[in-house]
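Please examine the sequence and the three-dimensional structure shown below. The briefing that accompanies them is written for a reader new to protein structure.

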Amino acid sequence: YASALRPLRPPHAIMEQPAAPAIDTSTLRDITSLVAKGDCYCLNEKDSNTHENLFQGDDRLALVSDADEQLMIHVVFNETVKVHGLKFFGFNTTSFDVSTAPRLIKVFVNRDSMGFSDCEDVEPTEEFELTEAEISNPGGIEKQVRYVKFQRVSSLSIFVEENFGGDITALGGLKIHGVPVQGTNMNELKKC
């Protein structure tokens, strides 16, 4: 009889949706070490200042564009990751030339072999417009992504569309924050 005496739930309680799971920021970390550096590439990079400089941790080494201000950086991960944010560093912030710093950046998830023309046809997963104050900060500027769209990431294509008016673009570093998705080391997968 005790179960028959339970109060009924109000009708609105049945229709309520559970809240989205909170992001456990305690597990977020720098996942740049999960970048498969040998599989990464950059379009329009200067031969003497390549994308490999982005991961050195020294803003005096830079990725520099060659023919114009645009860059297409393709970052591949060793395993599937969840990306929470990207941290951009200006080139040589001790004698900084803001005109060469990236201003408008578009990010695409899991788009292999993207070229410049693809950026006009495909909607970016995320878009950032950096300010002069943000990119000139010696500690870099972290931009958070819409986490729900960056859940199963095996690669990022980062398109630097515009800078602050310079003929070339220079980027002093890149760090990626997030968490690995357990059990998906791409190096352990075998082709059929």
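The points that follow describe this predicted model, topic by topic.

This is a predicted model, in which local features need pLDDT of at least 70 and side-chain atom pairs count only at pLDDT 80 or more, while totals for chains, interfaces and linings use all residues. Residues are numbered from 1 along each chain as its sequence is written, and side-chain values use heavy atoms, with hydrogens and water left out.

**Overall organisation**

- The chain contains three helices and nine strands; helices (H or I, at least four residues) and strands (E, at least two) are DSSP runs, numbered from the N terminus.
- Read from the N terminus, the order of elements is α-β-β-β-β-β-α-β-α-β-β-β.
- The chain has 192 residues, and 46% of them count as buried; buried means under 20% relative accessible area, exposed over 50%, and partly exposed in between (1.4 Å probe, protein chains only).
- The accessible surface of the chain is about 11100 Å², and carbon and sulfur atoms supply 49% of this surface; such areas come from the Shrake-Rupley method with a 1.4 Å probe, and for residues only the protein chains shown count as cover.
- Among contacts in the chain with a separation of 6 or more, 80% link residues 24 or more positions apart, where contact means heavy atoms within 4.5 Å.

**Strand pairing**

- Strand S5 (residues 102-109) is mostly covered, since eight of its eight residues are buried.
- S5 pairs with strand S8 (residues 153-163) in the antiparallel sense over seven bridges; two strands pair if DSSP finds at least two bridges between them.
- In this pairing, Lys106 stands opposite Phe159 in S8.
- S5 also runs antiparallel to strand S6 (residues 126-129), to which four bridges join it, and Ile105 stands opposite Phe128 in S6.
- S4 and S7 form an antiparallel pair over four bridges, with Gly85 opposite Gln144 in S7.
- Strand S7 (residues 141-144) has a covered face, formed by Ile141 and Lys143, and an uncovered face, formed by Glu142 and Gln144.
- In a regular strand the side chains alternate between the two faces of the sheet.

**Nonpolar cores**

- The largest nonpolar core has 33 residues, of which Ile73, Val75, Phe77, Phe88, Leu156 and Ile176 touch the most other members; a nonpolar core is a set of buried Ala, Val, Leu, Ile, Met, Phe, Trp, Tyr and Cys residues joined through side-chain atoms within 4.5 Å.
- Strand S4 (71-90), S5, S8 and strand S9 (170-185) are the elements that give two or more residues to this core.
- S4 gives the most to this core, with eight residues.
- Leaving aside neighbours within four places in sequence, the contacts of Ile176 include Arg29, Thr32, Val75, Phe77 and Leu156.
- Another core, of six residues, lies apart from the largest one, and its members include Met114, Cys119, Val122 and Phe159.
- In soluble globular proteins, nonpolar side chains tend to be buried together.

**The largest pocket**

- The largest pocket has a volume of about 160 Å³; grid points are joined across faces, edges and corners, and a volume is the space filled by probe spheres set on the points.
- A pocket is found on a 1 Å grid over the protein atoms alone, as an open set of points where a 1.4 Å probe fits, with protein on both sides within 12 Å along at least five of seven lines; lining residues have an atom within 4 Å of a point.
- The lining of the largest pocket consists of 13 residues, and Leu54, Gly57, Asp58, Phe89 and Lys175 lie nearest its centre.
- S9 supplies the largest share of this lining, four residues.

**Loop residues**

- Asn110 is found in the loop between S5 and helix H2 (118-121); its phi is near 55°, a positive value in a residue other than glycine.
- Asn110 is partly exposed, with a relative accessible area of 35%.
- Ser113 lies in the loop between S5 and H2, has a phi near 60°, and counts as exposed at 60% relative accessibility.
- Arg111, found in the loop between S5 and H2, counts as partly exposed at 40% relative accessibility.
- Not counting residues up to four places away in sequence, Arg111 touches His74, Val122, Ser155 and Ser157.
- Thr32 lies in the loop between strand S1 (29-30) and strand S2 (41-43) and is buried, with a relative accessible area of 9%.
- Thr32 and Val75 are 43 residues apart in sequence, and their C-alpha atoms are 9.8 Å apart in space.
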